[in-house]
Amino acid sequence: MPRFDDYFLDELTNKADIVDIVSRYVSLNRKGDRYWGLCPFHGEKTASFSVVPDKQFYYCFGCGKGGGVINFVMDVEHLEFADAVEHLAGLCNMEVPDAGNKKVGDYKKRLCEMNAEAARFFHAKLKEPVGAGAVEYIKKRRLSPSTVTRFGLGYAPPGWNNLSDYLRKKGYTNAEMIEAGLVRKSERGVYDVFRDRLMFPIIDHRGNVLAFGGRVMQGDGNGQKYINTGNTPIYSKKNTLYAYNIAKKTAEKQMILVEGYMDAVSLHQAGFTNTVASLGTALTEEHAKLLSRTVNEVVIAYDTDKAGTAATERAIGVFGENGISIRILRVPGGKDPDEFIKLNGPDEFRRVLAGAEQQMDYRLAAAKNGIDLKSDDGRIAYLKAAGKLLSELTSRIELEVYAGRVAEETGVSRETVITEADRIRKSAFAAEKKKRHVTDINPERAVQPPRESGVRYADPVKARFEEELLSFLFTYPELCEKAGELVKTEDFTSPELGRIYGTLISRTEKGESTDTTALSALLSPEDMRLMGKLLAADRPHSGTEKELSDICGKIGNKPGDSGDPLMDIRNRKRNMSGTKGVY
């Protein structure tokens with residue numbers, strides 16, 4: 001099977017949302033956290049074909065077909081993996097690298113390694129005399145040493161060639177530094193982009209350092225407050241969220257979205273580790289899709305200035321198109337989250353966060369702003385604007401509640417408000433239906449009967465726990481490394497489940513992606529269908545190490561083990577070291 005580099009597959013995954021792709025072939029309707037439609041692979045009258053957007057998987061409960069977005073293209077277009085990748089990339093207007101050429105992947109890996117070396121350089125400067133001013137600034141911003149270490153903060157010293165001289169000694173070329181956005185070229189030679197700035201490394205979910213942000217530390221400094229790496233072969237701002245590599249591990253069902261680095265770092269330090277930053281105010285479709293695969297709700301905590309308000313309005317629209325529930329946090333006193341926490345503490349911020357407005361409350365208040373509700377023209381203008389907003393509600397209960405509020409504000413009946421919202425909704429639906437085009441599938445495939453795709457397990461009892469472990473790790477991939485210590489691939493009784501588990505653990509150990517697209521490149525279509533079945537079961541998990549230990553204990557128990565794998569590992573390490581240190 002041809003191998004594409006992870007950077008290309010990651011970018012393809014971000015662009016090729018499975019709901020968008022499947023909708024080209026199947027008419028989908030959302031019910032709860034899934035989309036349903038008539039299966040394109042066998043004839044049926046009742047929808048049994050489901051798409052799970054947050055996990056980017058599809059599964060048909062009728063015929064058993066399932067997998068990621070590439071598997072869907074393979075199945076629906078009858079293509080091999082490489083051809084399916086090319087077809088999918090074409091739909092997303094992406095250029096496909098030569099699948100047999102590893103030079104592109106190797107080059108990107110080298111740029112990431114160079115950026116990591118730059119991050120170590122910047123971080124080390126904080127401990128040198130030249131970094132004393134940066135250390136004082138960090139203390140002034142009340143960032144702890146552990147926070148500085150956790151986010152890899154650093155300092156770019158003054159001078160034109162400090163970083164470039166350092167990287168050149170490490171074997172990197174000027175051309176590579178220019179490509180990564182670390183230096184620029186002038187008539188007099190190359191010079192460092194970041195000088196006399198507090199440095200924020202931008203890290204992806206695999207731990208790769210992709211780019212940097214540099215902040216001045218005194219007044220407005222010389223030029224911009226922030227300098228950020230532009231787009232490079234390994235970094236695209238529209239696909240990246242700052243601190244997502246940490247926030248994606250949160251057990252929270254909600255993500256807090258802020259504007260910049262310092263807000264994100266400050267909130268993490270205060271205990272709000274479910275915080276990401278959009279690196280400015282330009283939230284993109286790719287950002288929304290990334291978050292939709294992690295959480296069901298986002299609290300937008302942008303600044304309350306004019307730019308932040310406009311950005312909030314844009315973000316509401318982007319999130320709405322991706323099925324994410326939105327709440328809006330308006331920090332009291334016009335402060336940004338970092339300032340508010342420093343003045344009032346984490347507990348008060350938590351109280352304010354709990355009172356974040358539903359997006360409809362926020363949008364209705366914005367629609368009413370500047371309108372004189374005492375005049376007929378004002379009431380009519382507000383009713384039209386409110387009707388358009390309320391027409392977007394899918395819950396009849398919500399419509400009744402909000403229509404009642406608008407009715408009270410304008411002095412008309414609730415029924416009138418609901419009628420206006422329904423009229424707008426029907427008009428929009430008719431227009432969308434007229435524009436909508438659902439691609440016809442091959443009629444020969446449509447009449448195919450369901451095929452049995454079940455797997456026969458040699459040990460059904462143990463296989464049940466093996467399925468449970470995989471389901472757990474799909475939901476909490478950050479615990480793959482711990483699982484690899486507790487259970488080995490050879491402990492699996494099912495070779496199919498063992499292959500999937502082994503691939504997950506192997507890629508985790510190498511720091512490589514374990515998302516569905518990356519796995520599609522390594523596992524057979526049959527194994528991906530089995531993954532689809534496991535994900536479709538939607539088993540509930542607490543996500544604790546105790547639960548992981550319990551599941552693993554039922555798989556990997558051996559004579560002499562205590563039954564608690566975590567305890568056994570601690571005991572073995574303690575015996576090997578001859579100490580009583582805590583594991």
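Let me begin with Arg30, which has its place in strand S1, residues 29-31, where helices (H or I, at least four residues) and strands (E, at least two) are DSSP runs numbered from the N terminus. Please keep in mind that this is a predicted model, in which local features need pLDDT of at least 70 and side-chain atom pairs count only at pLDDT 80 or more, while totals for chains, interfaces and linings use all residues. Residues are numbered from 1 along each chain as its sequence is written, and side-chain values use heavy atoms, with hydrogens and water left out.

Arg30 is partly exposed, at a relative accessible area of 37%; buried means under 20% relative accessible area, exposed over 50%, and partly exposed in between, with a 1.4 Å probe and protein chains only. The side chains of Arg30 and Tyr35 are joined by a polar contact of 3.1 Å, that is, a pair of N or O atoms within 3.5 Å, where within protein one must be able to donate a hydrogen and the other to accept it, and residues adjacent in sequence count only if both atoms are side-chain atoms. From C-alpha to C-alpha, Arg30 lies 9.2 Å from Val51, with the two 21 residues apart in sequence.

Val51 takes us to strand S3, residues 49-52, which is covered on both faces, with Phe49 and Val51 buried on one side and Ser50 and Val52 buried on the other. S3 pairs with strand S2, residues 34-37, in the antiparallel sense over three bridges, and two strands pair if DSSP finds at least two bridges between them. Phe49 in S3 is the bridge partner of Gly37.
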